[in-house]
Each structure stands twice: as C-alpha cells, then as structure tokens.
Amino acid sequence: MEVMTHSSTFLLPSNHHSPSVTYALVVLNQPLLRFTPLLWNHAQVRVCADGGANRVFDEMPLLFPSDDALDVRQRYKPDIIKGDMDSVRTEVLEFYTNLGTKVADESHDQDTTDLHKCVAYIRDFTPNLDKSNLCILVAGALGGRFDHEAGNLNVLYHFSTMRLILLSNDCLIYLLPSTHHHEIYIQSAVEGPHCGLIPIGMPSASTTTTGLQWDLNNTKMGFGDLVSTSNLVQGEKVTVQSSSDLLWTISIKACNG
C-alpha cells in the first residue's frame, strides 16, 4: 500500500516548511485565526470565501496594531473572492477589486457551499499553481454554526484525493483516505499532544496505529461504538492504517504569525 506523509510545517516560519509543498489558502467567514498572516505568507494563492473578505478587511489590521490599517489591507490582498456573494460588503468588494482582486459570483449555484466553490476553483482555474503536491489550508473552518462545520467536513470527503486541512485556533482536521498507509510527522512545538481518529460516514472495521498513547490494533471503530478521541501523541511520528477513511485531528498550540 502506498504511503502518504503528512506534516504541519505550515504552522512554522517559512524557512522551516518543506519547499516541495505548494500551499493555497481559503479564508472563510469566521473570526480570523491568530496565525492567519503566517498561513497567508506560506500560500501562493489566497482565496476569500464570500464574507471571508470582510474578515480580512476588518480584522487583519487588528493583528498588526502598530501598522497603518490601509497598509495592512494593501499588503494582505486576496487573489480572488468567490462564493454566492450574500455576505461580502459592497465597500469591501470595491476596495479589493480596485487593488486587482478577482471576483467570481456564483450565486446561481446554491447546491454547494462557498468552501466547495473555492476548492473547485483552486483545482480547476489556477493554471500557474503547481498541483503536484498541493495542500489547501482552510482558515476558520471550525467553530460557529455546526451545520457549517458539517458542510466543511463533507468537503473533505468530496475532494478526498486532494489535501485539505481545516483549521481553527485550537485544532486542525484532515482526511486520511483508506487507500493509503499514513505517516504523520508531529511538529511538537506547535501541535499536540491531544489528538483523535474519527470515522465519519461509515464505520472502520479495522484500524491500526503506532505512536499514540492508546494505540489501536486492528480495532473496530464507529459511532455508537469506540471512537478514538482524547488520545495523545507520544513522539514525532504517528502511523495509521484503516479499512475506512478517517478524520485525523490534533490540537494546535499558541503560535504567532
């Protein structure tokens, strides 16, 4: 079985992350993460999902209180604003379009979420972006309304062949497809030790891990049965192999942009 490796080096300064990984950033309509500037600087494409543009406009200057607000807004200009346009303010659209930001109004499509639209755009309409080892970081994907969170988790499954990472100030989540054996390299300075492996969509008949305080050994998991929450990473590497797709989640420590 092919090995898929994972590492949260995007939570580290630019000189520490792997140059072979290409990052894209999607900012959702939730309060900005404290480390949004760090993610922004790692990314080669920055997409605001509808009202996410309001968040960047209003809140990014608050992360740089000693800097001029206009300078911060010009420095952190999204490449595109995409969604059904029911949340972004007119003056925010005008400000960014005057700086050269593209706007893609998809109000005709009410069957997919704004995150889905943004991921599809990154996949299909960014010809200058190296897709060979692409990782899409999604800021503000957790917290707020639960139906929005569930929709964001659903996007992980819809784009299961792509690397998507959902981020909050407190944790990250990504999908571990059952088609691969997974090696997760822990960045202990910025993440852990609390973690979890969660089967959503269908039970896992067999999951085996190494590197956790409570490792699984051909263990059956499913809702209404065992789910591996509140586990702990024990070292620098965790391995996971499962008969079904699993969600991996790990806590994020305080880190600065």
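Colleague: Let me start with one residue. Is Tyr76 buried or exposed?

Modeller: This model is predicted. In it, Tyr76 has a relative accessible area of 6%. Buried means under 20%, so Tyr76 counts as buried.

Colleague: Which residue forms a stacked aromatic pair with Tyr76?

Modeller: The general idea comes before the case. A pair of aromatic rings is described by the distance of the centres and the angle of the planes. Here, Phe64 stacks with Tyr76 at 5.5 Å centre to centre, with 25° between the planes. Phe64 sits in the loop between α2 and α3, and Tyr76 in the loop between α3 and β4, so the pair ties together parts 12 residues apart in sequence. Both residues are buried.

Colleague: How many aromatic pairs does a search of the whole structure find?

Modeller: The search finds 7. One of them joins Trp40 and Tyr76: the ring centres are 5.7 Å apart and the planes stand at 75°, so this pair is edge-to-face. Trp40 belongs to helix α1 and Tyr76 to the loop between α3 and β4, so parts 36 residues apart in sequence are tied together. Trp40 is buried too, at a relative accessible area of 2%.

Colleague: What about the nonpolar cores?

Modeller: In soluble globular proteins, nonpolar side chains tend to be buried together. In this model, the largest nonpolar core has 51 residues. Phe10, Leu172 and Trp248 are among those with the most contacts inside it. Strand β15 (residues 246–252) gives the most to this core, with 4 residues. Apart from it lies another core of 30 residues, among them Leu115 and Leu247.

Colleague: How should I read the sheet, and which are its edge strands?

Modeller: Strands of a sheet pair through backbone hydrogen bonds, either parallel or antiparallel. Here 10 strands form an open sheet with mixed pairing, in the order β5-β4-β3-β2-β6-β7-β8-β15-β10-β13. The edges are β5 (102–105) and β13 (228–232), each pairing on one side only. From one strand to the next, the twist averages 25°.

Colleague: How many bridges join β4 to β5?

Modeller: There are 4, and the two strands run parallel. Ile81 stands opposite Val103 in β5.

Notes:
Residues numbered from 1 in each chain as written. Predicted model: local features only at pLDDT ≥ 70, side-chain atom pairs only at ≥ 80, totals over all residues. Heavy atoms only, no water. Core = buried A, V, L, I, M, F, W, Y, C linked by side-chain atoms within 4.5 Å. Buried < 20%, exposed > 50% of the residue type's maximum accessible area, 1.4 Å probe, protein only. Pairing = 2+ DSSP bridges. Axes fitted to C-alpha atoms, helices over the stretch in contact; angles between N-to-C directions. Phe/Tyr/Trp six-rings, centres within 6.5 Å; stacked < 30°, edge-to-face > 60°.
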